[in-house]
Amino acid sequence: MKLKRFYDIILVGFSLPIWGLILVLLSLVVRWKTGKTVFFVQIRTGLGGKLFKLIKFRTMHNKK
């Protein structure tokens, strides 16, 4: 189990800069295309009726 944890940490360590760059680029594109905030925040009901805050990229747009 310790070996798997080690591999997981190494994999995340190497892939984090790549995913970070992708997320920054996605944020810039969303901001440029929509002109609004990058994130959409919504309160949803989770397991056992507990409320949680859902945060996701704003990707939907209104048709004109």
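Q: What makes the contact of Lys4 with Asp8 a salt bridge?
A: A salt bridge is defined as a side-chain nitrogen of Lys or Arg within 4 Å of a carboxyl oxygen of Asp or Glu. The closest N and O atoms of Lys4 and Asp8 are 2.9 Å apart, so the pair meets that definition. Side chains of opposite charge can pair when their charged atoms come close. This is a predicted model, in which local features need pLDDT of at least 70 and side-chain atom pairs count only at pLDDT 80 or more, while totals for chains, interfaces and linings use all residues. Residues are numbered from 1 along each chain as its sequence is written, and side-chain values use heavy atoms, with hydrogens and water left out.

Q: How many salt bridges does a search of the whole structure find?
A: The search finds one.

Q: Why are Lys4 and Asp8 said to be separated by about one helical turn?
A: Because Lys4 and Asp8 are four residues apart in helix α1. Helices here are DSSP runs (H or I, at least four residues), strands are DSSP runs of E (at least two), and both are numbered from the N terminus.

Q: Why is Lys4 called partly exposed?
A: Buried means under 20% relative accessible area, exposed over 50%, and partly exposed in between (1.4 Å probe, protein chains only). Lys4 has 48% relative accessibility, so Lys4 counts as partly exposed. Asp8, with a relative accessible area of 34%, is partly exposed.

Q: Why is Phe14 called exposed?
A: Phe14 has a relative accessible area of 64%, and therefore is exposed. Phe14 lies in helix α1.

Q: What makes the nonpolar surface patch of about 570 Å²?
A: Leu3, Phe6, Tyr7, Ile10 and Phe14 make this patch. Patches are made of residues with over 30% relative accessible area and no salt bridge; like charges are joined within 9 Å, and nonpolar side chains (Val, Leu, Ile, Met, Phe, Trp, Tyr) within 5 Å. Accessible areas come from the Shrake-Rupley method with a 1.4 Å probe, and for residues only the protein chains shown count as cover.

Q: How do you know that the span of helix α1 is close to the expected one?
A: Helix α1 (residues 2-34) has 33 residues and reaches 45 Å from its first C-alpha to its last, close to the expected 48 Å. The expected span is 1.5 Å times one less than the number of residues.

Q: Where does α1 bend, and by what angle?
A: The bend is about 40° at Ser15, and Pro17 follows within four residues. The bend at a residue is the angle between axes fitted to the seven residues ending there and the seven starting there. After α1 comes Gly35, with a positive phi near 70°.

Q: Is Trp19 exposed or buried?
A: Trp19 has a relative accessible area of 52%, so Trp19 is exposed. Trp19 lies in helix α1.

Q: How do you know that β1 and β2 pair?
A: Two strands pair if DSSP finds at least two bridges between them. Seven bridges join β1 (residues 39-45) to β2 (residues 51-57), and the strands run antiparallel. Val41 has Ile55 as its bridge partner in β2, and Thr45 stands opposite Leu51.

Q: What phi does Gly48 take in the hairpin of β1 and β2?
A: Gly48 has a positive phi near 75°, and the hairpin has five residues between the strands.

Q: Why is Arg44 called partly exposed?
A: Its relative accessible area is 36%, so Arg44 is partly exposed. Arg44 lies in strand β1.
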